[in-house]
Each structure stands twice: as C-alpha cells, then as structure tokens.
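Have a look at the sequence and the model on the screen, and then I'll walk you through the metals and the ligand.

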Amino acid sequence: MNESDNTASDLSGNVRPGSQVSVGAGSPGCVAEVLTSLGIGCVLVDGDARITWSNTEGRRLCGWTPEAATQGNAVDLVMPVTGLPEAVRLLLGTAARRQIVHATIKARDLRLSLLGRGPEDSRCVLVVIQDVTGQACAQDSIREPDRYDALTGLPGRAQFMRQLQGALQDARRDGDSFALVYLDLDRFKEINSTRGHLAGDAVLAQTGARLRNAAFSCRAMARLGDDAFAIATGPMDRDGAAAVVTRAIGLIGKPVKVLDEMVSVGVSAGVAMFPDDGSTLDDLYRHADMAMYQAKAAGGGWRFYSTGMSVEMDARVRLAERLANAESGGELELHFQPQICLRSGSLAGVEALLRWRDPAYGWISPAEFIPVAEERGMMGAVGTWVLETACAQLRDWRDAGLHLPGRLAFNVSAYQLDDPGIVESLLSTVMKAGVQPTDLEIELTEGAVMKNLEGAARILDRLRAQGFTFALDDFGSGYSSLNHLQRLPVDRLKIDILFVREMLLGSRQRAMVAAIIGMARALGIEVLAEGVEHPDQASELAGLGCDTVQGYWYGRPVSAAEFAGTWLARK
Ligand code: C2E
Ligand code: MG
Ligand code: MG
C-alpha cells in the first residue's frame, strides 16, 4: 500500500490506535488493503460517520484534503458526500450483518458495508467509493439494503433474478442470444477455515471488484451466495460467451494479497446459452449450474451446458437419493483385502474397501458412487461410517482373540479434508471404538492431496502426531510430482495398478516402477504395489525392492468373516 494512504492509520492499514473503532474479529485493514491495491476509493467510518481511515483515492473522490481527513469527522467535512451519515445510520439499523447500503450522491457511487463481527458499539463501516460521473444511474439516491451483497457491492440473488428476467424478455423480443455464466470459487471454504473469515471476506471483495471492473459486455452480475457469482452477458453468441468466461476465470484466478500472503483461488464455471440451452429463467439457471458442477467435478475450468449433462445428472441425483438411505438401510458393508510382505510372504496389513449393495441394482462399485457422494457433500457421513465400522471390526477381531499383523488401512476422500474438524472427528471415532490411531493407516489418493497440498500436509502432520500413518494411494496415476513427496508426511506409497499392470510389457514401463521404488526408498518411504495379479509381477517387484503387495493374486477383497477365516490366526 502507498504510504500516503495512511492518513489516519498505521502502515498495515489497521485502524489507528486510540480511534474509537475496534473490530471484534481482527482488522478490517486487509479488506481495505485489497481494495486500495485495486485503485478503488475507500473510507472507514465509525457508527457516527467519523472517519477512521481513508486512502488517497477515497479522499480524492470525496474532495477532502489530507488535513481535513485527519481531523476525523466526516459529518463536518466540506465534501460532496453529505448523505453519508444518513447512509451509515440506515446500514447500522439493518438487522442482518451481510447487508449493504448503496447510495449515489453527487456522482459518487457509495457502497457501505459493515466490517467485523464484534458487538454493536465496535462496528465499523467500510465505504467503497466510485466515480460515476456521466453514468445513467448517477442520480442521487440511497437504496435499500438487501438487494445488494455487503462485501462485493454486487446485486444479490433476488435482484439478479429480476435483472435476468429483464434480459430474457429483451433477448426474446429482439431475437438475440446471450449467456448465463455461473461461477463458483474452488477451495473457498479452506481459505475461511485456515486463514479466518476476514481473509475469506477479502477474497470475496476482491473477486467482486475484479468482476465489476472487467471490461466485457454484461447485462447483470451478482454474488449468488457464499462463493458463487453469476454473469448475464449482453447479446452474444457462443464464441463471445467463451471469451467472457475465459476472461472472468483469468481475472478471478489471479493471486489475491491477503494479510501479506498471496492466495490463489481457482474458479469453476458453467455456461448456458439463451435460447439454445433454456428459454426460461429456471432452465437457464439450472443448466448453467449443472455445467458448473461438471466443470468442478472435472477439477475446475469451465463447460458449456449440454443435454447429455441433464441425463447424467438425473442418474446421479437418483443414485444420491438411494445412497442417502443406504446406511440406515444396512446396505453398506466393508470388505477387506490382505496386504502381503514380499520378503516373508505373510500378512502385513489390510485395506478396508467400501461396498454398497443396492436392493434394486445389486452391488454398486465405490468407483461409481463415491464421486457422487463427494459432489453431493455426503462423503463426511459416509467416511464416518467407514471408520466407525472399520474400528468396530478391529475391536471384534481382537475380542475374538484374532491377531491382525500391521495396520488396518482405510480410504479418506479429498472432500473429508475440507472439514475443519476432521482431525478431532477421526480421533474421537477411533477412541470411542476402543482402538488406537496406531492401529490405523489413512489412505489418500495423490490427486486428493495435490488439490490442496499445504492444507493436506497440515492435517496429516497433526494426524501423524496422534499415531496414524499415512499412505499415498494410486501413486503415479495422475500428478506424480515427486517434488511434492518431500513436502508431505508420507509413510507409504501405493504404486497405482496401471504401473503394475504394464511393468512386464517393456523396459520403459519397468524402469518407471524401478524409479518410483528407488525414489521412495531414498526418501525412507515404504512401497506397496497395488493390483498384483500374477506371480511374475510379484517376483519382479521383489527384485526391485518393493516391500509390500496387494492384489487378486494374493486375495480379493472379502467380507470380514471370510477375511478372518482365511487370514487371521488365533493368538
Ligand atoms: P483403492 O483405494 O486404490 O483400492 C484398490 C482398488 O483396487 C479396490 O477397488 C480393489 O478391489 C481393487 N483391486 C485390488 N487388487 C486388485 C487386482 O489385483 N486387480 C484389480 N483389477 N483390482 C484390484 P474398489 O474396491 O472397487 O475401490 C475402488 C476405489 O474406491 C478405491 O481405490 C478407493 O479409491 C475408493 N474407495 C473404496 N472404499 C472407499 C472408502 O471407504 N472411502 C473412500 N473415500 N474411498 C473408497
Ligand atoms: Mg486405497
Ligand atoms: Mg489405489
């Protein structure tokens, strides 16, 4: 931030000491700082419209001299924003916190929003000021809150829907086409939970500002909810829409400075065209949302809506509905697959694998229903069921005097890592069942971890400190950034089935497996090869120094009773 932006504040943009404003949950400085870096005028005022902080652009737009601003009383200042105290009162009078008062006074567009979550008397108001000289909307007015979102100054959902309806009618009348773009930030929850709500707010404010200032043809724009935004474009064809969404994604994806740290937020987007993808508001909206979902499921980027998506989505919705009842209906089961020590040939551990027996469709593969559970936010409940059941099984075996050498491995989905309480929740499940974290190994796929390397590393460090070990599943299937391995607390690496399958096909494929094993050993990480179906694979792997194997050659995943009968010896 420019030093001259600190007339009434310290260098970090915090409200200056001794001022009457304090904010419960930290400093609003970071929000103001982000806005300042965009060249947007901002002023912070207290409940009596006294200035506590302003930046150069804010002062310029208000016509204040720096001296006048330091005197700190906006009410007495000679300035064009005579409606400010009134707007502040209106804002403080509104019950909900996430509201904005939008005022246009003397060709200045003011958006006032409450900052901080402290008690009422410590409230502080951020005023974002823009010059709207010459714009059609520049008549003096103070608009009611609630149509606008407090943080971004963008219309909220209801207001946007009205505007979209207008766009729809005009396009129908004029025979135009236009696009509805639905944008949803990736990993936003994680920013909120790891860096705090003010950091999350700063990211949202920045995203809103970037969209508002983007130079593309736009009929309406909104913040629809938490981290979802929408754009209704002006009249354009698919190529035009593609250009808009690409630009929007590019803008939002630029790193944001939050409390001296650069934070990157990805965004997934879906585009539905009027009239091709929907001629009613409802269809258009649903289809843009659906396309966004598909983009998100594919790891980000954007998609045009296609009719195939509806068919697929219907099937997924029905699957999700049935899955929601699967647990209470007793349709879920865990199967167990042995892990074998290559040197001794004896049992070295076991992996628990989820099975779903749907009364109407029979066995459904986890590869099919887990992605659906993940995308519908059901993975937390499913994951808890898996661990509870696995721990109870372990307990039962013990109580029956059966000994399991090694650990019981269970799979954790990337989405479970988004839960800020994951560490406590895993621990309490384990303790309640009367087993120990040292009995268990957590399997996470490489893809899941790479989605959020830093966050995953933090969580895994905490879990390992409690005694869990951690295996990186499906290694080599996707990202394979060997570099990342050094940054993660990995105990074991599970070489993906594809490598094992191909290793006997040629020297290159064999060299790949050799390289993975060599590298893991150098890093002190154990190696398990998955999907061993043939004894030749096993002997080759043994020659390369692989520690453990898992695969049909040794044993398929089987029910708990069958596993115990085949593999577990009495103590
Ligand atoms: P995974 O964790 O990599 O599990 C290994 C998969 O390979 C299992 O498929 C297993 O049955 C299969 N497999 C084992 N040996 C062989 C072999 O020799 N040949 C072949 N062709 N396949 C073999 P499954 O049980 O269908 O599970 C698929 C994936 O679903 C798992 O891959 C895992 O990512 C996920 N999954 C399973 N259970 C859970 C769970 O409880 N939670 C979560 N989050 N994911 C799970
Ligand atoms: Mg696994
Ligand atoms: Mg695997």
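Predicted model: local features only at pLDDT ≥ 70, side-chain atom pairs only at ≥ 80, totals over all residues.

Residues are numbered from 1 along each chain as its sequence is written, chains are lettered from A and ligands numbered from 1 in the order in which they are written, and side-chain values use heavy atoms, with hydrogens and water left out.

Big picture, then. The protein has 20 helices and 24 strands; those are DSSP runs numbered from the N terminus, H or I with at least four residues for helices, E with at least two for strands. There are 571 residues, and 54% of them count as buried, meaning under 20% relative accessible area, with exposed being over 50% and partly exposed in between, using a 1.4 Å probe and protein chains only. Take the contacts (heavy atoms within 4.5 Å) with a separation of 6 or more: 66% of them are between residues 24 or more positions apart.

Now the metals. Which residues hold the magnesium ion (ligand 2)? Its protein donors are Glu351 (OE), Asn411 (OD1), Glu443 (OE) and Asp473 (OD), at 2.0 to 2.2 Å. Donors here are N, O and S atoms within 2.8 Å of the metal (3.2 Å for Na, K and Ca), and water is not among the atoms, so sites may look incomplete. Along the chain the spacing reads E-x59-N-x31-E-x29-D. That ties together distant parts of the chain: glutamate 351 sits in strand E15 (residues 347-358) and aspartate 473 in strand E20, 122 residues apart. Glutamate 351 is buried at 3% relative accessible area, and aspartate 473 is buried at 5%.

Aspartate 473 also bridges to the magnesium ion (ligand 3), and the two ions lie 4.3 Å apart. Buried or partly exposed, what about aspartate 474? Aspartate 474 is partly exposed at 24%, whereas glutamate 530 is buried at 13%.

On to ligand 1. Of the 24 residues around it (a heavy atom within 4 Å), the nearest are Arg355, Asn411, Asp473, Glu533 and Tyr552. For polar contacts, I mean pairs of N or O atoms within 3.5 Å; within protein, one must be able to donate a hydrogen and the other to accept it, and residues adjacent in sequence count only if both atoms are side-chain atoms. An oxygen of ligand 1 is 3.0 Å from a side-chain N or O atom of glutamate 351, and there's an oxygen 3.0 Å from one in glutamate 530. A ligand nitrogen sits 3.0 Å from a polar backbone atom of leucine 354. E15 gives the largest share of the shell, four residues.

Last stop, away from the ligands in this talk. Strand E5 (residues 124-131) has six of its eight residues buried, so it is largely enclosed by the rest of the structure. Strand E1 (residues 41-46) runs antiparallel to E5, joined by six bridges, and valine 43 is partnered with valine 127.

Methods. Pairing = 2+ DSSP bridges.
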